[in-house]
Amino acid sequence: MPPTRKARRRTIRQILGGVRRRVRRAAGRVRSVWRRSLQLQVVTSTLVISVTVVVVLGTFLSDEINRSVVASSQQSSLNEAYADRLQIADALIPPSDDGAKAPDTDQKVNPLDEVMDTVTGSGEDGSKKRYDVLILNEAKPGMSRASGRVVQADVPASLRQRLQKYMNRAEYGKTEAQIESIRFAGQSQATLTFVVGGVVHEPTTGEDYQVYHFFPFSEEEELLSNVRLAIVVVGLGLVLLLAAIAYLVARQVVTPVRLARQAAERLAAGKLDERLKVRGEDDLARLANSFNEMAANLALKIHQLEELSQVQRQFVSDVSHELRTPLTTVRMAADLLYDAREDFDPMAARSAELMQAQLERFESMLADLLEISRYDAGAATLDVDSVDMRDVVHRAIADSEALAERHSTRFDIRLPHEPCMVEVDNRRVERILRNLLFNAIEHGEGREIVVTVGADRDAVAVAVRDHGIGLKPGEETMVFDRFWRADPSRARTIGGTGLGLAISREDATLHGGWLQAWGQPGEGSQFRLTLPRLAGADLKGSPLSLVPPEIEMRRTWRSHMTPVLLPASGDGGGHEED
């Protein structure tokens, strides 16, 4: 069954769509190469400018040569035509009243026969003249003469009309000429011909003769064609020469710049010993010297910063370790005082409770500082095990329930029915979730906290959503900085150290995962932890959206809602439905 017209149209549209896609891809690749290659831009610009200049100059030169050759040929043709008309006029004047007679005959000889041989014969140098002559006598057609293959029909009608006006006004010294393409008898193609017309008057008989000279411009056409060909060849050679010069000059300038770019990329990649070779004393050589000096200074500064950072990390680690011994002693004494606080007076008992709480916070801070120092030193490692993320979430929530009850906060847990197996360090992931839950409890203002677990083939995600004060624009990344607070004047209500989220981000990065935040003032915030199912795999996406679904739906609803003007009711009123 032959395809229908609709199917054929669909096939044609598919073919055209494929062609357009290929053209767009090719154009995109060309644009990419153009934007990335300075040498190509310079050579192309030079080519465009060169072609424009050569075309303009070539056109002007060709027109001038054409005008000069044509004007010279026309003037020469007019002079020859004028001289021939004088000879024809002299030949038409009879030597006596009886007229010229042929020898030994009684018949008169037509004087135009002899003058035609003279006019159309050989030149002074013996060469045959290149033009033809037509003499017309409309009163006596038998007196008309023609040379070559010209006939009366070859005369342009407009030229004959102009000569006829001169004859009617008895103006015999006028000359008319025009260029016409004429196809002579026996020729397959028309020839560009310069036709010169004039009138010769015979005073004795009062007859008028129209004299037409046909000067073919085939030689001039060939000459001008050769000139145009020479101009095109010379112009093309000039453009190619300029393109080659531009390529060499651009290469001479761009190559050092390209080498500097490659060296800068290697320097940015961490190869601080990268340097440029210095040749000569020009601007590019001074650029190479400046680059080398910059690289040396940069390497020195980075080395100094690394040493300073190493000293700082070592200092933090040493201080943390050194503080553990006196802290242990203070802790033992504080425990004794705390256990015996009932025997103290109220102020001393309260002091023992405060000391106990601050010592616990101090121990937590020391532990966090030690953990941060391990990350800074690159000594943190993973103890990977395959676990069900739902179980990890349940354990983290169980550790946070006591704190949630003190803040009158409850959890809304949304877990999938299928197991969410993932290869992670169980201890570190639980710490991430506890930090996220503690943060949500502290800033959730006693409202419900939603914990959602999602999974796909490649990743598992956990989102912790609170409905508290939210985050201002730009605070989504600052919230993971060490000791950062959205409101510095606000005290920590759960005694945190300010390092929990920073450590959580480091734990997520160590797993090859993401820890991201979203927030909006008055709408609360949401933190999303995304981890790959297989340890060491690259993440391509997250099964959960960073923006809460209700916020996303509200945005979509607002963007699609437009005011609708309802028709007027019977009482003449109308209203706008939002």
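Of the 578 residues in the protein chain, 32% count as buried, where buried means under 20% relative accessible area with a 1.4 Å probe, protein chains only. What you see here is a predicted model, in which local features need pLDDT of at least 70 and side-chain atom pairs count only at pLDDT 80 or more, while totals for chains, interfaces and linings use all residues. Residues are numbered from 1 along each chain as its sequence is written, and side-chain values use heavy atoms, with hydrogens and water left out.

The accessible surface of the chain comes to about 35900 Å² by the Shrake-Rupley method with a 1.4 Å probe, and 55% of that surface belongs to carbon and sulfur atoms. Taking contact as heavy atoms within 4.5 Å, residues 24 or more positions apart account for 65% of the contacts with a separation of 6 or more.

The chain holds twelve helices and 14 strands, which are DSSP runs numbered from the N terminus, helices being H or I of at least four residues and strands E of at least two.

Let me turn to one sheet, an open one of five strands in the order 7-9-10-12-11 with mixed pairing, where two strands pair if DSSP finds at least two bridges between them. Strand 7 (411-414) and strand 11 (514-520) each have a single partner strand, so one side of each is left without a neighbour in the sheet. Strand 11 pairs with strand 12 (residues 524-532) in the antiparallel sense over seven bridges, and Q520 stands opposite G524 in strand 12.

Helix 8 (residues 389-406) packs on this sheet, touching strand 7, strand 9 (449-455), strand 10 (459-466) and strand 12. The direction of helix 8 makes about 175 degrees with that of strand 7, with axes fitted to C-alpha atoms, for helices over the stretch in contact, and angles running from 0 to 180 degrees between N-to-C directions.

Terms used: Buried < 20%, exposed > 50% of the residue type's maximum accessible area, 1.4 Å probe, protein only.
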